[in-house]
Amino acid sequence: MRWPRWTWRPGWPPRRGWWWALGGVALVVALAYGAAFMLDEPMRRSMEQRLNAQLKGYEVTLGRLDFHPFGFSLDLENLTIRQQSNPEPPVAHIPRLSASVEWRQLIRARLVAEIEIARPMVYVDLKNLREEAKDPTPVKDKGWQEALEEVYPLKINLFTITDAEIVYTDEGPFKPLRLWNVNFLAENIRNVRSPDRTYPSKIWAGLRVFDHGRLEIDGHADFLADPHPGVLANVTMEGIALDYFKPVTRRLANITMKGGELAADGNIEYSPAMKAIDLRRAEITGLDVEYTHQTKGTAPEKKAAAKVQQATEQVAEKPGTLVKIAELDVTRSRFALVNSATDPPYRLFLSDLAVKVRNITNQSEQGLGDINLTGRFMGTGRTTAKVRYRPAAPFPDVAVDLAITDTDMTAMNELWRAYGGFDVAAGDFSFFSELRIKDGVLSGYLKPLMRNMEVYDPQQDKRKNVVRRAYEAVVGALSHVLENRPRDEVATRVEISGRVDDPNISPLAASARLIQNAFIKAILPGFERRPSRGR
């Protein structure tokens with residue numbers, strides 16, 4: 001087939017006219033881009049000044065600005081943010097930030113913007129946090145939102161972050177907390193104002209946590225809620241290594257953590273009308289926790305106790321606040337208590353620890369919660385505990401049943417030395433207790449049972465001085481006098497009663513003090529006097 005030959009019709013411009021038209025367009029484009037190029041540096045300086053005028057306590061440097069006139073978009077390159085009190089290293093570095101019109105929204109007659117931040121790096125250390133804590137200006141008044149709005153004149157409707165990295169470094173030889181491959185999407189941000197607990201904007205975030213952990217957030221938000229934005233989202237995490245939190249827990253509450261992984265799934269809601277954490281399912285495996293009690297009234301312990309008390313009071317039966325743990329399982333773990341306030345210090349622990357938590361909440365209408373625990377006390381004593389919990393204001397109702405059987409007493413020699421001044425050569429230790437808290441009153445009993453206890457062993461004690469050996473011989477003789485002869489056991493029972501609503505001490509601390517005093521009284525009947533610690 002032969003194609004028809006083009007012919008010029010009357011009224012059409014000649015070929016030369018087309019070339020002139022195209023040349024004119026090209027010239028306009030070249031002039032526009034040339035003008036934009038000439039304006040890039042003045043715009044960069046102006047942008048940098050406006051950003052710094054909005055921020056409080058931080059300073060921004062902007063490496064380059066590229067304005068694209070025909071797309072009405074711009075790119076910011078090498079944007080660096082420094083804390084003025086600790087300028088090095090920078091708090092954040094953004095290789096590229098792009099802002100443009102969200103063209104698909106023009107179909108709906110909406111002129112809004114989209115912003116994309118690519119590969120940002122955020123670096124925070126303990127000095128940054130301490131300076132931030134000292135600053136009286138709240139974070140919401142630091143000007144971050146206003147600074148972002150200075151980047152582009154249109155209201156932001158689509159916001160994305162791709163391949164971000166966030167690193168926190170603490171003091172000491174600890175691994176940094178690292179979040180990487182962070183991706184975030186928020187769309188439909190400029191939706192009309194919505195009723196309470198209505199979230200029109202889609203949000204999603206996915207990231208890697210530490211070495212191999214994963215975290216995903218999938219939900220909706222109301223960015224225009226007053227006085228602060230609201231969010232409702234499902235949170236899923238797996239393989240979160242808890243060992244990384246070691247420096248934080250040690251400093252705040254004298255807690256040392258080793259190993260352990262966390263997997264969890266649940267909902268969070270945070271808005272002016274509702275604050276909720278609804279944990280559907282969580283599992284912690286292989287965690288080794290050690291709590292160290294130092295001298296009475298040490299700062300970390302007082303601070304931690306105050307925060308626990310304050311948090312408990314803030315959420316207990318409070319309307320619009322829900323904290324719920326539907327299922328939490330702890331397996332293959334270990335918990336230890338070190339008391340360094342005694343002379344000598346001692347250490348008690350539970351190995352092979354398994355805990356099942358069901359339906360623990362702060363709202364009474366959610367029903368009765370329970371905790372079941374099993375383990376090995378000091379590696380040998382079979383331990384079971386059952387806790388029943390019902391939230392109530394101002395104090396919850398709690399029932400605890402505890403049984404420890406057949407613990408090797410020699411594993412507890414540090415405790416015997418601290419409170420009794422003697423060693424044990426042989427014996428089995430058991431312990432039973434029922435405790436109740438009702439209307440702010442703690443009641444119940446502690447009942448230790450010591451069977452076949454041998455305090456004085458000439459071979460074990462041959463290096464001790466004469467006074468020490470004599471004392472332990474007397475203790476051993478007294479234990480035989482107190483024994484139930486048919487069973488070769490020493491037993492006593494101590495009743496507990498007292499209020500836990502002292503305004504000068506938290507309910508948790510008051511309960512612990514009552515139980516500790518009763519425990520020592522129960523396990524060491526008649527052995528209050530001790531000789532000098534010579535050996």
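This is a predicted model: local features need pLDDT of at least 70, side-chain atom pairs count only at pLDDT 80 or more; totals for chains, interfaces and linings use all residues.
**Notebook: salt bridges, core, strands and rings**

I started at arginine 436, which is partly exposed at a relative accessible area of 31%. For this term, buried means under 20%, exposed over 50%, and partly exposed in between, with a 1.4 Å probe and protein chains only.

Residues are numbered from 1 along each chain as its sequence is written, and side-chain values use heavy atoms, with hydrogens and water left out.

**Salt bridges**

I counted a salt bridge when a side-chain nitrogen of Lys or Arg is within 4 Å of a carboxyl oxygen of Asp or Glu. By this rule there are 20 salt bridges.

Which residue does aspartate 401 form a salt bridge with? The partner is arginine 436, and the closest N and O atoms are 3.2 Å apart. Aspartate 401 is in strand E17 (residues 397-408) and arginine 436 in strand E18 (residues 426-438), so the pair ties together parts 35 residues apart in sequence. Helices (H or I, at least four residues) and strands (E, at least two) are DSSP runs, numbered from the N terminus. Aspartate 401 is partly exposed too, with a relative accessible area of 31%.

Next I found a network: Glu41, Arg44, Arg45 and Glu48 are joined by salt bridges that share partners. Within it, arginine 45 meets glutamate 41 with the closest N and O atoms 3.3 Å apart. The two are 4 residues apart in helix H1 (residues 15-54), so about one helical turn separates them.

I also checked aspartate 218, which forms a salt bridge with lysine 202, the closest N and O atoms being 2.5 Å apart. Aspartate 218 lies in strand E9 (residues 213-222) and lysine 202 in strand E8 (residues 201-209), so this pair links parts 16 residues apart in sequence.

**Core**

My rule for a nonpolar core was buried Ala, Val, Leu, Ile, Met, Phe, Trp, Tyr and Cys residues joined through side-chain atoms within 4.5 Å. The largest one has 89 residues, and Phe377, Trp416 and Phe429 touch the most other members. Strand E14 (residues 346-361) contributes the most, with 8 residues. I then listed what phenylalanine 377 contacts (heavy atoms within 4.5 Å). Beyond its neighbours within four places in sequence, its contacts include Leu348, Leu350, Ile404, Met412 and Phe429.

**Strands**

Strands pair if DSSP finds at least two bridges between them. Strand E12 (residues 275-293) and strand E13 (residues 321-339) pair in the parallel sense over 15 bridges, with aspartate 278 opposite lysine 324 in E13. E13 and E14 pair in the antiparallel sense over 12 bridges, and a hairpin of 6 residues joins them. Isoleucine 325 stands opposite isoleucine 360 in E14.

**Rings**

I paired rings of Phe, Tyr and Trp (its six-membered ring) with centres within 6.5 Å; planes under 30 degrees apart count as stacked, over 60 as edge-to-face, and the rest as tilted. That gives 5 aromatic pairs. Phenylalanine 159 and phenylalanine 184 are edge-to-face, at 6.3 Å centre to centre and 65° between the planes. Phe210, Tyr244 and Phe245 make one aromatic cluster.

Last, I looked for charges over rings (NZ of Lys or CZ of Arg within 6 Å of the ring centre and within 35 degrees of the ring normal). Lysine 175 has its charged end over the ring of tyrosine 244, 4.3 Å from the centre. Arginine 334 lies over the face of phenylalanine 349, at 4.2 Å from the ring centre.
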